[in-house]
Amino acid sequence: MKFCVIAFMADLKHRILMVSDFFYPNFGGVENHIYYLSQCLLKLGHKVVVLTHAYGNRSGVRYMTGGLKVYYVPWRPFLMQNTFPTIYGTFPIIRTILLREKISLVHGHQAFSTLCHETLMHARTMGYKVVFTDHSLYGFADVGSIHMNKVLQFTLADVTRAICVSHTSKENTVLRSGLPPEKVFVIPNAVDTAMFKPAQQRLGRDEIVIVVISRLVYRKGADLLVEVIPEVCRLYPNVRFIVGGDGPKRVRLEEMREKHSLQDRVEMLGAVPHASVRSVLISGHIFLNSSLTEAFCIAILEAASCGLLTVSTRVGGVPEVLPDDMIVLAEPDPSDMVHAIRKAISILPNIDPQVMHDRMKRLYNWNDVAERTEIVYNRALKCSDQSLLERLSRYLSCGAWAGKLFCLVMIIDFLIWRLLELLQPAKDIEEVPDVALRCHQHGERIEEIYRCKSE
């Protein structure tokens, strides 16, 4: 039996603020990354606080496993779980959180998180070191990507260090933002292998089950599935598909199932909670990923950890994720994907789920990700402080007109900061004690440690 004791800590290594619009109870790759990275950093002795927007009735301060503190600030999502961009409207509450929690470094996640961009901007104005992790790939030609790349260029012009989840993602980020490559580090995602284990009994091969778990949107290649699934079912009468996920393209998959009379061979599960993903994965033999763009696919790691052979499109950072004998790659073309699935079915007898799981435990580990991230933090904190004029010179290099606009935005931000200092001096903002939860086995002596710094 375990119980927890609150301990007040004074000798923490770093005090880190994780920022993103994407966090629990929402589910996704970014959310999982922030959660698992934060938990491992807490174990390394750092203080970690998460800042995100409110989700439904979840507003205010909450505590998660391991004493992870989360600020659900009372802003509602505006579009695709992003808060409405106010530029300066978030500054007062962000400043208060930074000062109350005695933050030493700010770590933002995801390029299209409005809250991330605004917090990094305000943190740099206040003199904090900031680190940014890019989890996605973007193009260069369409209107949305052009605007997003300009916003990213603005944020990364003054970022201390950046992290990408794959080498392909690093190349993409450097090209989009103009950030010097020596400032960008590559740290891949990982998987909780203790959670994603193979089934205790190996599945029979009389019926081959192919599992798809993905958001059913264009970027995830849902349109490819509409063409691939009927052809595979035609070639292999003993193949069955399980499709988990929801999105605007689900209608097309439903229509495909009706058109080809595949109701008994294509099971549509709808949205799958993250806690139920393993139970879906272990019911299959092959995991199919049809993404059209992907910086690093955590779903592939979860499937491989459960012992599934993966068939995936050869896009973005996917070829870097698994060894060649654990994945079959195909071009994002229906005929090539069907060929890849045929190849995967032929080599399926050689796949041992437990051996694959053991390899994943050695290849991907969140503790290793946390230790490598800690190195980036240490390097960021060693960087020298810069004056406003030195920082403005970086923004001027962002373009003839954009550079001047960015400088104006930062000058106004600096003036607002000075105004906030006059209205509410930093010394008047109460600092919260550093609290850590320590778990003890029943019967052990409880030691409550109060090691507050004497002022």
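## Nonpolar cores

Leu-281 touches Phe-196, Val-211, Ile-213, Phe-287, Glu-302, Ala-303, Cys-306 and Leu-308, leaving out residues up to four places away in sequence. This is a predicted model. Leu-281 belongs to the largest nonpolar core, which has 96 residues. Within that core, Leu-281 and Ile-229 touch the most other members.

A second core is separate and holds 35 residues. Among them are Val-73, Tyr-138, Met-148 and Ile-429. In soluble globular proteins, nonpolar side chains tend to be buried together.

## A nonpolar patch at the surface

Some nonpolar side chains lie at the surface instead. Phe-78, Leu-79, Met-80 and Phe-84 make a nonpolar surface patch of about 490 Å². Met-80 sits in the loop between β6 (77-79) and β7 (82-83). Is Met-80 buried or exposed? Its relative accessibility is 64%, so Met-80 counts as exposed.

## Asn-82

Asn-82 is found in strand β7. Asn-82 counts as buried because its relative accessibility is 9%, and the cut-off for buried is under 20%. A polar atom of its side chain lies 2.9 Å from the backbone oxygen of Phe-112.

Which residues does Asn-82 contact, leaving aside neighbours within four places in sequence? They are Asp-21, Phe-22, Pro-77, Phe-112, Ser-113 and Thr-114.

## Lys-129 and Asp-385

Lys-129 lies in strand β9 (residues 129-134). With a relative accessible area of 8%, Lys-129 is buried. Its side chain makes a polar contact with the side chain of Asp-385, at 2.5 Å.

The contacts of Lys-129 also include Ser-104, Leu-105, Val-106, Arg-124 and Thr-160. Further along the chain, Lys-129 touches Ala-380, Leu-381, Cys-383, Ser-384 and Asp-385. Residues up to four places away in sequence are not counted here.

## Salt bridges

How many salt bridges does the model have? The count comes to 22. One of them joins the side chains of Glu-101 and Lys-47, at 2.7 Å from N to O. This pair links distant parts of the chain, 54 residues apart. Glu-101 is in the loop between α2 (91-100) and β8 (105-109), while Lys-47 is in strand β3 (residues 47-53). Glu-101 is buried, with a relative accessible area of 1%. Lys-47 is buried too, at 9%.

Arg-124, a contact of Lys-129, also takes part in a network of salt bridges. Asp-158, Arg-391 and Arg-394 are linked with Arg-124 in this network.

## Salt bridges within helices

Glu-254 forms a salt bridge with Arg-257, and the closest N and O atoms are 3.0 Å apart. Both residues lie in helix α7 (residues 250-259). They are three residues apart, so about one helical turn separates them. Glu-254 is partly exposed, at 23% relative accessibility. Arg-257 counts as buried, at 15%.

Asp-368 and Arg-372 form another salt bridge, with the closest N and O atoms 3.6 Å apart. Both lie in helix α12 (residues 366-381). They are four residues apart, about one turn of the helix. Asp-368 is partly exposed, with a relative accessible area of 33%. Arg-372 is also partly exposed, at 32% relative accessibility.

How values were computed: Residues numbered from 1 in each chain as written. Predicted model: local features only at pLDDT ≥ 70, side-chain atom pairs only at ≥ 80, totals over all residues. Heavy atoms only, no water. Patch = residues over 30% accessible without salt bridge, like charges linked within 9 Å, V, L, I, M, F, W, Y side chains within 5 Å. Areas by Shrake-Rupley, 256 points an atom, 1.4 Å probe, with all protein chains shown as cover. Salt bridge = Lys/Arg side-chain N within 4 Å of Asp/Glu carboxyl O. Helix = DSSP H or I, 4+ residues; strand = E, 2+ residues; numbered from the N terminus. Buried < 20%, exposed > 50% of the residue type's maximum accessible area, 1.4 Å probe, protein only. Core = buried A, V, L, I, M, F, W, Y, C linked by side-chain atoms within 4.5 Å. Contact = heavy atoms within 4.5 Å. Polar contact = N/O pair within 3.5 Å; in protein donor to acceptor, adjacent residues only side chain to side chain.
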